[in-house]
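These are my notebook entries on one chain. I record what I looked up, in the order in which I looked.

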Amino acid sequence: MADRYAEILSFVKIAESGSLSEAAKRLDLSLAATSRRLSQLESRLGVMLVRRNSRHMTLTQEGQIFYEKAGQALSDIDQAENVVMRNATEPVGALRVVTTLHSGRSRLAPLFQHYATLHPEVAVHLEAAGQAANIVETGHDIAICFDPPPDSGLIMKRLADNPRMLCASPEYLSRRGVPRTIEDLASHDRIVIGGGQDMWRAIDMDMGRDNSRASRVLSTNDGELARLWALNGAGIVIKSLWAVSDDLEEGRLQTVLPAIALPESPIVALYLPAQGDSAKVRSCLDFLARHLKPAEATPVAA
């Protein structure tokens with residue numbers, strides 16, 4: 001394939017320059033090598049492309065047709081290379097982002113609008129998903145999520161801190177009482193989200209008790225459903241600050257026992273290793289890391 005491309009390139013240079021010797025100079029080849037490439041191309045195609053003698057050189061009818069087609073093809077290749085190289089140095093083209101953050105509408109949407117204003121040649125498509133997407137299969141450039149999947153083969157960039165906390169509705173706390181110590185949690189209803197059972201188990205171990213003694217347990221794999229249960233007074237839930245910051249600010253939920261240290265759930269961006277060379281991906285990740293700020297903490301339950 002490399003020899004084939006070299007033969008075609010040499011022929012186009014010969015046709016453009018009108019001379020074997022001039023084409024050889026442009027190609028930085030010897031006259032013999034340039035002539036040999038032309039002969040090999042004519043032999044492979046089975047037609048004469050160039051009429052030539054010691055003084056003159058003209059294209060045959062077949063040579064003219066081949067020059068027009070091959071010349072356009074080489075021009076298209078050059079243009080394609082320029083576009084791709086520009087993508088590596090300037091933020092241009094379509095940028096497809098998927099997020100599992102429920103707060104994507106309120107927090108990410110304004111940021112991506114701002115990013116698109118700063119980079120008008122980038123066409124931003126922000127998509128919300130119920131669970132982490134396989135960006136290799138879906139064709140997204142970036143996935144923004146809480147907890148990245150293990151051993152995904154993707155590059156992870158931490159964008160913002162995101163502490164977890166215990167929280168409940170004011171109505172629930174008024175009805176059942178505000179826990180003052182970790183032992184007080186033993187008499188409270190709990191809402192468990194997927195793997196969050198491990199965090200509750202760690203709290204139970206700190207209390208030196210078995211979690212089967214909880215008054216009532218509601219469990220789900222849907223973080224938004226767990227949030228709704230908490231808002232409706234169903235019990236105490238472990239949520240990330242990003243997921244409930246608006247509820248805390250508006251007083252719909254209140255933090256409980258903030259001194260309990262729980263594992264963080266940082267906001268991260270996932271992307272393919274090769275995508276790190278794309279200017280649009282690099283600029284977007286740098287922009288998000290600068291502008292994504294942790295949600296503000298809120299006073300605890302009284």
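This is a predicted model: local features need pLDDT of at least 70, side-chain atom pairs count only at pLDDT 80 or more; totals for chains, interfaces and linings use all residues.

Entry 1: the whole chain

I then looked up the elements and found eleven helices and twelve strands in the chain. The chain has 302 residues, and buried residues make up 41% of them. For the surface, I recorded that the chain exposes about 16300 Å².

Entry 2: helices H2 and H3

I turned to helix H2 (residues 20-27) and helix H3 (residues 31-45), whose axes are 9 Å apart. The two helices pack at an angle of about 105°. Angles of 65 to 115 degrees count as roughly perpendicular, and H2 and H3 are therefore roughly perpendicular to each other. Which residues of H2 meet H3? I listed Leu20, Ser21, Ala23, Ala24 and Leu27 on the side of H2. Their counterparts in H3 are Leu31, Thr34, Ser35 and Leu38. By class, this contact of H2 with H3 holds six nonpolar and three polar residues, and no charged ones.

I followed an open sheet of five strands in the order E4-E3-E5-E12-E6, and its pairing is mixed. Why is one side of strand E4 (122-128) and of strand E6 (155-160) left without a neighbour in the sheet? These strands stand at the edges and each has a single partner strand, so one side of each has no neighbour there. From one strand to the next, the twist averages 25°. Within this sheet I examined strand E5 (residues 142-145) and strand E12 (residues 267-271), which pair in the antiparallel sense over three bridges. Cys145 stands opposite Val268 in E12. I also noted that helix H11 (residues 279-291) lies across strand E3 (93-99), E4, E5, E6 and E12. H11 runs at about 30° to E6.

Entry 3: the sheet that ends in E9 and E11

I next traced five strands that form an open sheet in the order E9-E8-E10-E7-E11, again with mixed pairing. The edge strands are strand E9 (217-220) and strand E11 (254-256), each of which pairs on one side only. The twist here averages 40° from one strand to the next. H10 packs on this sheet and touches E7, E10 and E11. The direction of H10 makes about 115° with that of E10. In what sense do strand E7 (residues 164-168) and strand E10 (residues 236-240) pair? I found the antiparallel sense, over four bridges. Leu166 stands opposite Ile238 in E10.

Entry 4: helix H10

How many of the nine residues of helix H10 (residues 241-249) are buried? I counted seven, and the helix is mostly covered. The buried residues include Trp242, Val244 and Asp247. Just after H10, Gly251 takes a positive phi of about 80°.

Entry 5: residue Gln113

I located Gln113 in helix H5 (residues 104-118). Is Gln113 buried or exposed? Its relative accessible area is 57%. Exposed means over 50%, so Gln113 is exposed. Gln113 and Val124 lie eleven residues apart in sequence and 8.4 Å apart in space, C-alpha to C-alpha.

Notes. Residues are numbered from 1 along each chain as its sequence is written. Side-chain values use heavy atoms; hydrogens and water are left out. Buried means under 20% relative accessible area, exposed over 50%, partly exposed in between (1.4 Å probe, protein chains only). Two strands pair if DSSP finds at least two bridges between them. Axes are lines fitted to C-alpha atoms, for helices over the stretch in contact, and angles run from 0 to 180 degrees between N-to-C directions. Contact means heavy atoms within 4.5 Å. Angles under 35 degrees count as roughly parallel, over 145 as roughly antiparallel, 65 to 115 as roughly perpendicular and the rest as oblique. Ala, Val, Leu, Ile, Met, Phe, Trp, Tyr, Cys and Pro count as nonpolar, Asp, Glu, Lys and Arg as charged, and the others, Gly among them, as polar. Accessible areas come from the Shrake-Rupley method with a 1.4 Å probe; for residues, only the protein chains shown count as cover.
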